[in-house]
Amino acid sequence: MTIRALLGTKHDVLEQTYVALAMLVVTFLYEGITAYAIPGFTFNIYEAVGTWTGLVCVWLSRTRNILCWPWGIVSALSLGFFFSQIGLPGQQWLNWVYFMIIQLWAWPHWAFGGADKTELPVTELSWKGKVLTVLAILAGTALVYYAIGYFAPGSFHPLLDALVVASSVVAQYLLGKKKVESWILWLGPVNLVSIVLFAMAGAYTVAALYLAFFIHAIFALGAWTKAKSHV
């Protein structure tokens with residue numbers, strides 16, 4: 001077990017640099033287009049930074065680059081501040097209480113979670129695991145929905161907020177375990193619902209971010225399925 005395994009190969013570092021610069025340009029372009037096209041649009045630094053780092057994170061996750069995790073941690077921190085400002089407490093809790101913590105676990109788990117503390121391979125869930133995944137999402141949605149109603153009554157679309165939170169919790173855990181099914185969850189109950197939810201809340205930059213996540217998840221599902229077949 002070495003620190004070098006957590007920092008990636010030279011290829012990982014080079015890919016990270018190219019992707020970070022490209023996604024910074026994409027974020028600036030989108031912010032400019034949105035400001036021009038939508039009357040009353042207000043730039044938010046937390047939304048912009050969370051969008052940029054989130055785009056980098058999801059790209060590197062798709063290519064199984066271990067450096068996705070530090071970018072994800074910064075994205076969770078930034079988006080947590082943003083969601084606290086627009087009345088989506090479920091999303092704030094998700095980013096600060098869960099995403100930041102589990103990514104600190106997933107980062108070394110990818111590096112040392114395989115046999116004899118080697119790199120973790122891509123695998124898929126058993127049928128029992130798939131059933132438990134669905135049950136966990138249903139139970140989690142109900143739990144978060146009632147928590148929002150109790151701690152933050154009057155929140156914006158609490159049921160959709162709760163569904164995204166519960167699905168994201170499970171999807172992120174499966175991503176940390178390098179399970180192919182994580183990308184199925186990112187595609188459906190997370191990204192599609194998030195696009196609708198954030199667009200209705202007026203969070204257009206984050207809605208676009210989740211549209212990018214959705215597109216990435218399509219390619220990631222194919223890439224991870226192919227990688228699993230070689231394990």
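What radius of gyration would a compact globule with 231 residues have, and what does the chain have? The rule puts a compact globule of 231 residues near 17 Å, and the chain has 17 Å, so the two agree. For the record, the radius of gyration is taken over C-alpha atoms, and the globule rule is 2.2 Å times the number of residues to the power 0.38.

Before I go on, some housekeeping. This is a predicted model, where local features need pLDDT of at least 70 and side-chain atom pairs count only at pLDDT 80 or more, while totals for chains, interfaces and linings use all residues. Residues are numbered from 1 along each chain as its sequence is written, and side-chain values use heavy atoms, with hydrogens and water left out.

Okay, the overall picture. The chain has 9 helices and 0 strands, so that's DSSP runs, H or I of at least four residues for helices and E of at least two for strands, numbered from the N terminus. Along the principal axes, the C-alpha trace spans about 55 × 40 × 30 Å. Buried residues account for 48% of the 231; buried means under 20% relative accessible area, exposed means over 50%, and partly exposed is in between, using a 1.4 Å probe and protein chains only.

How about contacts? Take those between residues at least 6 apart in sequence: 73% of them join residues at least 24 apart. Contact here means heavy atoms within 4.5 Å.

Now, the bit I like: how many salt bridges does the structure hold? There are 3, a salt bridge being a side-chain nitrogen of Lys or Arg within 4 Å of a carboxyl oxygen of Asp or Glu.

Start with K178 and E119, whose closest N and O atoms are 3.3 Å apart. K178 sits in the loop between α7 (158–176) and α8 (181–200), and E119 in the loop between α5 (89–112) and α6 (127–151), so this pair ties together parts 59 residues apart in sequence. Look at the two ends: K178 is buried at 1% relative accessibility, whereas E119 is exposed at 53%.

Next up, E124 and K228, with closest N and O atoms 3.9 Å apart. E124 is in the loop between α5 and α6, K228 is in helix α9 (residues 204–229), and the two are 104 residues apart, so to speak linking distant parts of the chain. Both ends are partly exposed, E124 at 42% and K228 at 23%.

Then there's E181 with K130, at 4.0 Å, N to O. E181 lies in helix α8 and K130 in helix α6, so that pair ties together parts 51 residues apart in sequence. E181 is buried, at 10%, and K130 is partly exposed, at 27%.

Is S78 buried or exposed? Buried, with a relative accessible area of 8%. Leaving out residues up to four places away in sequence, S78 touches Y46, V49 and G50.

That's my tour, thanks.
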